[in-house]
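Hi,

Here's the structure I promised to pass on. Have a look, and my notes on it follow below.

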Amino acid sequence: MVETGLTTMLGALTPSEAMAANDAGADVIKIFPASLNGPKLIVSLKGPFPDLAFMPTGGVSVANLDQ
């Protein structure tokens, strides 16, 4: 997958899964379901992983974007 040069996105929820996705070469780590802990989860993950790109998915809508 990574050898193609295409952007890769792997899913994760826990810090261990985020680390594994990064180690596997993911360009973006999809946090699913984002509705489980909301923005607090992304903020918490950015602490130990400031250089990783996270994309919340699952449960994100116009109604809850500001949470």
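Let's start with a polar contact: a polar atom of the Thr8 side chain lies 3.2 Å from the backbone oxygen of Gly25 (the term covers a pair of N or O atoms within 3.5 Å, one able to donate a hydrogen and the other to accept it; residues adjacent in sequence count only if both atoms are side-chain atoms). Thr8 sits in the segment before S1 and counts as buried because its relative accessibility is 5% (buried is under 20% relative accessible area, with a 1.4 Å probe and protein chains only).

A word on provenance: this is a predicted model, with local features needing pLDDT of at least 70 and side-chain atom pairs pLDDT 80 or more, while totals for chains, interfaces and linings use all residues. Numbering runs from 1 along each chain as its sequence is written, and side-chain values use heavy atoms, without hydrogens and water. Mean pLDDT (the predictor's confidence in each residue, 0 to 100) is 87 for the protein, and 93% of residues reach 70 or more.

Now the sheet: it's open, with three strands in the order S1-S2-S3 and parallel pairing (strands are DSSP E runs of at least two residues, helices H or I runs of at least four, numbered from the N terminus; pairing takes at least two DSSP bridges). S1 (residues 9-12) and S2 (residues 28-31) share four bridges, with Met9 opposite Val28. S2 and S3 are joined by three bridges, and Ile29 stands opposite Phe54 there.

Cheers

Notes:
Buried means under 20% relative accessible area, exposed over 50%, partly exposed in between (1.4 Å probe, protein chains only).
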